[in-house]
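Thank you for coming, everyone.

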Amino acid sequence: MRRLRPILIAVGVMLTLTGLLWIGQGLGYVHWPQSSFMLDQRVWADYGAALAVAGLLMVLLGRRMR
């Protein structure tokens with residue numbers, strides 16, 4: 001359990017940052033190269049929101065552990 005806490009927090013932060021990147025792309029704030037598969041897809045904003053929430057929940061769960 002002691003080693004699980006930093007892993008949960010690290011994975012949660014990475015998920016949250018990835019989710020925020022996808023939200024930014026979906027709303028048009030992040031511009032990808034023309035060859036990217038993520039161009040003009042608002043669906044990525046929805047996926048990013050779910051991923052960011054999951055990441056934040058993992059961080060909160062990791063912080064509550066002793």
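The secondary structure of this chain comes to two helices and zero strands, where helices (H or I, at least four residues) and strands (E, at least two) are DSSP runs numbered from the N terminus. Please keep in mind that this is a predicted model, in which local features need pLDDT of at least 70 and side-chain atom pairs count only at pLDDT 80 or more, while totals for chains, interfaces and linings use all residues. Residues are numbered from 1 along each chain as its sequence is written, and side-chain values use heavy atoms, with hydrogens and water left out.

Let me turn to helix H1, which covers residues 4–27. The expected span of a helix is 1.5 Å times one less than its number of residues, so the 24 residues of H1 should span 34 Å, and this agrees with its end C-alpha atoms, which are 34 Å apart. Just after H1, Gly28 takes a positive phi of about 95°.

Which residues of H1 are buried? They are Leu8, Gly12, Thr16, Gly19, Gly24, Gln25 and Gly26, where buried means under 20% relative accessible area, exposed means over 50%, and partly exposed lies in between, with a 1.4 Å probe and protein chains only. These buried residues of H1 pack against helix H2, residues 43–64.

Leaving aside its neighbours within four places in sequence, Thr16 is in contact (heavy atoms within 4.5 Å) with Leu51, Ala52, Gly55 and Leu56.

Together with Met1, Leu4, Ile7 and Val11, Met14 makes a nonpolar surface patch of about 510 Å².

Finally, for the chain as a whole, buried residues make up 26% of the 66 residues. Among contacts between residues at least 6 apart in sequence, 60% join residues at least 24 apart.

Technical notes. Patch = residues over 30% accessible without salt bridge, like charges linked within 9 Å, V, L, I, M, F, W, Y side chains within 5 Å. Areas by Shrake-Rupley, 256 points an atom, 1.4 Å probe, with all protein chains shown as cover. Salt bridge = Lys/Arg side-chain N within 4 Å of Asp/Glu carboxyl O.
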